[in-house]
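Student: Could you show me how to read the features of a protein model, one idea at a time?
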Amino acid sequence: MDALRQGLAERERFEREIEAAGWRLTRDLHLRAFLELVADGLPGDSNFSLRGDPLRAGGELVHHDYPDLPVRRAALDDVWLPPWPPEIMDELWTEVIQLALRYPEKFREAVQTISERDLDFNLYPL
């Protein structure tokens with residue numbers, strides 16, 4: 001029980017520190033669907049790229065101008081957005097919208113799958 005309390009305290013401390021550094025936590029379904037669909041790569045004309053392992057396995061989404069500030073996936077599908085300037089955030093959301101328009105069925109399916117996963121977790125937490 002003490003280890004669990006310690007783990008929770010460490011997570012809370014980490015979240016306070018990262019938020020103080022300008023990062024934002026989100027569980028936005030559309031962003032999560034985008035990350036799921038681009039887990040193995042992005043179009044060649046994108047200013048974003050994947051670094052390291054696939055996103056599902058700890059890889060990171062980075063912007064070419066800000067390689068030291070990746071989008072990070074956390075536990076339970078939380079997403080940490082880095083403290084990018086507004087124009088880079090706009091660029092990310094433009095990519096999300098373009099992917100949704102280019103592949104509407106796949107995007108809708110990804111959103112539905114994530115919603116169902118969230119619902120399952122809320123009904124049957126660990």
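Tutor: Let us begin with burial: a residue is called buried when its relative accessible area is under 20%, exposed when that area is over 50%, and partly exposed in between, using a 1.4 Å probe and protein chains only. W84, at 7% relative accessibility, therefore counts as buried. Please keep in mind that this is a predicted model, in which local features need pLDDT of at least 70 and side-chain atom pairs count only at pLDDT 80 or more, while totals for chains, interfaces and linings use all residues. Residues are numbered from 1 along each chain as its sequence is written, and side-chain values use heavy atoms, with hydrogens and water left out.

Student: What kind of aromatic pair do F14 and W80 form?

Tutor: Rings of Phe, Tyr and Trp (its six-membered ring) pair if their centres lie within 6.5 Å, and planes under 30 degrees apart count as stacked, over 60 as edge-to-face and the rest as tilted. By this rule there are two aromatic pairs. The ring centres of F14 and W80 are 6.1 Å apart and the planes stand at 85°, so this pair is edge-to-face. F14 belongs to helix α1 and W80 to strand β5, so the pair ties together parts that are 66 residues apart in sequence; helices (H or I, at least four residues) and strands (E, at least two) are DSSP runs, numbered from the N terminus. F14 is partly exposed at 43% relative accessible area, whereas W80 is buried at 4%. F48 and W84 form a tilted pair, with 5.7 Å from centre to centre and 55° between the planes. Because F48 lies in strand β2 (residues 48-51) and W84 in the loop between β5 and α3, that pair ties together parts 36 residues apart in sequence.

Student: How many salt bridges are there, and which residues are linked in a network of them?

Tutor: A salt bridge is a side-chain nitrogen of Lys or Arg within 4 Å of a carboxyl oxygen of Asp or Glu, and the count by this rule is eight. R11, E15, R27 and D78 are linked in a network. R27 is partly exposed at 37%, while D78 is buried at 6%.

Student: Which residues of α3 are buried?

Tutor: The buried residues of α3 are I88, M89, L92, E95, V96 and L99. Seen down the helix axis, they fall within an arc of 115°, so they line one face of α3; the arc is that of the directions from the helix axis to the C-beta atoms. On the other side of α3, P86, D90 and L101 are exposed.
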